[in-house]
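Welcome, and thanks for taking a look. Here is a short tour, written to be read with the coordinates open beside it.

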Amino acid sequence: MTAGSRRIAHLDMDAFYASVELLRYPELRGQAVVIGGGRAAAPETLPDGSRRFARLRDYAGRGVVTTSTYEARALGVFSAMGMMKAAQLAPDAVLLPTDFDSYRHYSRLFKTAVAAFTAQIEDRGIDEIYIDLTEIAGASPDIAARIKRAVHAATGLTCSICVAPNKLLAKIGSELDKPDGLTLLTPADIPLRIWPLSVRKVNGIGPKASEKLAGLGILTVGDLAAADAGLLQTHFGRSYSGWLVEAAQGRDDRPVVVSSEPKSMSRETTFERDLHPKGDRPALSAAFTALCVRLADDLRRKGYVGQTIGLKLRFDDFRTVTRDVTLLAPIGDAAGIRHAATECLKRIPLTRRLRLLGVRASSLTRADEAHAGHRPVQGELSFAPGAGDADGADGAGDAGEAGHADGAGDAVLPGDPD
Ligand SMILES: [Mg+2]
């Protein structure tokens, strides 16, 4: 397939965190709202059922703004700004705590809604995805409109979509008609719609590169398209300048990379001092429970349940032992995880002090796809003989790892994050 025949959509949720908060607190619509407080900023429900919100002027601390509504942005309050500074600019703005659990929940909802159209989805983080529409029957505007409606039906939130021949243009285009945008870009639109834009609008041209380009008098994508290739190569090197030339012409052959599901999630902890299996039993037990609670929390937040639960121990001589157990049905609750992991623990002779303890859930499935009728019963254990018993196996580098992480940016080239 030639690059020219592709139809790539970029879908970006509109002011995502703020919009999720406004769903919950519709009375705040139209107000300057700043998200970034800790739990202390949670609104108080009054006896008459109304809510009293914290105000930015009452904030004291060193936190930064996570995001703000358009009304707050009009007052000069933007994400990453110190809250104390924001409070000077917008003392009357409503302050809300950041609630990533809710944002992840809505993120799953909108991605699941899009997945009903196609599996050709690349996850770009909590509020954006690429979708390859090439194989979907129908006209691009119709498909995009249907996807927008499905996202709204699933979440109550609006998104902006651009359909373009590639990811580069689709990403730029989804910003052009926000909010609730539906944008189509073809190569013929590049001079009129892309070239007037600042080079910063191109994903992959970060602050450093744009500053350098500005030094050369190159401010817009059109300036870049007209720039001398030799000059660019002198200042940016062969590889990046070559990419800049292609980007300015709206050319990009990167495929949509379908995101893979996480294989496992785990939590582990290395003790401050090596713990004795008997002498330090209360401390070990508490750490064990805490790990299971955190793992259950990870699973819940990401929307998974696991059918195989594993335990990992490292002794004071650095010998590592793992055991796992496969259950009759997947689970996600802390008590169930602890129960299964305890069964694993019983199969390990505890002859030495312990240096590290870890729990893992694998054979993951989406919690919403697990059959409701297969609710796990504690004690419903069926041991998978041998397979998981691997002395010395060392699952390195997953301390505190919570499996599938939300993608951060979308830098095209390493070293120039946007
Ligand atoms: Mg967004």
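Are M13 and D127 buried or exposed? Both residues are buried. Please keep in mind throughout that this is a predicted model.

## The magnesium site

Let us begin with the metal. The magnesium ion has protein donors from D12 (OD), M13 (O) and D127 (OD), which lie 2.2 to 2.5 Å from the ion. Along the chain, these donors follow the spacing D-M-x113-D. M13 belongs to strand β1, while D127 sits in the loop between β8 and β9, so this pair ties together parts that are 114 residues apart in sequence.

## The nonpolar cores

Next comes the packing. The largest nonpolar core has 34 residues, and the members that touch the most others are L11, F16, V114, I131 and I147. At least two residues of this core come from each of β1 (8-13), α1 (16-24), β2 (33-37), β7, α4 (100-115), β9 (128-132), α5 (140-155) and β10 (159-164). Helix α1 gives the most, with five residues. Why does this core lie between domain 1 and domain 2? Domain 1 (3-15 + 102-191) and domain 2 (17-99) both give residues to the core, so it lies between them.

Leaving aside neighbours within four places in sequence, L11 is in contact with F110, V114, D127, E128, I129, I131, I147, V151, C159, S160 and I161.

## Salt bridges

The model has 28 salt bridges in total. In one of them, the side chains of D92 and R57 meet with an N to O distance of 2.7 Å. D92 lies in the loop between α3 (83-89) and β7 (94-97), and R57 in the loop between β5 (54-55) and β6 (67-68), so the pair ties together parts that are 35 residues apart in sequence. D92 is partly exposed, with a relative accessible area of 48%, and R57 is also partly exposed, at 47%.

The salt bridge between K167 and E122 is 2.7 Å from N to O. This pair links distant parts of the chain, with K167 in helix α6 (residues 167-173) and E122 in strand β8 (residues 121-123), 45 residues apart. Here K167 is buried, with a relative accessible area of 3%, and E122 counts as buried at 6%. Another salt bridge joins R254 and D252, whose closest N and O atoms are 2.9 Å apart; D252 counts as buried at 11% relative accessibility. There is also a network of salt bridges that links D101, R104, R267, D297, D298, R300 and R301.

## Strand pairing around β15

Finally, a look at some strands. Which strands pair with β15 in the antiparallel sense? Strand β12 (residues 264-275) pairs with β15 (residues 354-366) over eight bridges, in the antiparallel sense. Strand β13 (residues 304-315) also pairs with β15 in the antiparallel sense, over 11 bridges.

T270 has L356 of β15 as its bridge partner, and G306 has L364 of β15.

Terms used: Residues are numbered from 1 along each chain as its sequence is written. This is a predicted model: local features need pLDDT of at least 70, side-chain atom pairs count only at pLDDT 80 or more; totals for chains, interfaces and linings use all residues. Side-chain values use heavy atoms; hydrogens and water are left out. A salt bridge is a side-chain nitrogen of Lys or Arg within 4 Å of a carboxyl oxygen of Asp or Glu. Helices (H or I, at least four residues) and strands (E, at least two) are DSSP runs, numbered from the N terminus. Buried means under 20% relative accessible area, exposed over 50%, partly exposed in between (1.4 Å probe, protein chains only). A nonpolar core is a set of buried Ala, Val, Leu, Ile, Met, Phe, Trp, Tyr and Cys residues joined through side-chain atoms within 4.5 Å. Domain bounds come from an automatic or database domain assignment. Contact means heavy atoms within 4.5 Å. Donors are N, O and S atoms within 2.8 Å of the metal (3.2 Å for Na, K and Ca); water is not among the atoms, so sites may look incomplete. Two strands pair if DSSP finds at least two bridges between them.
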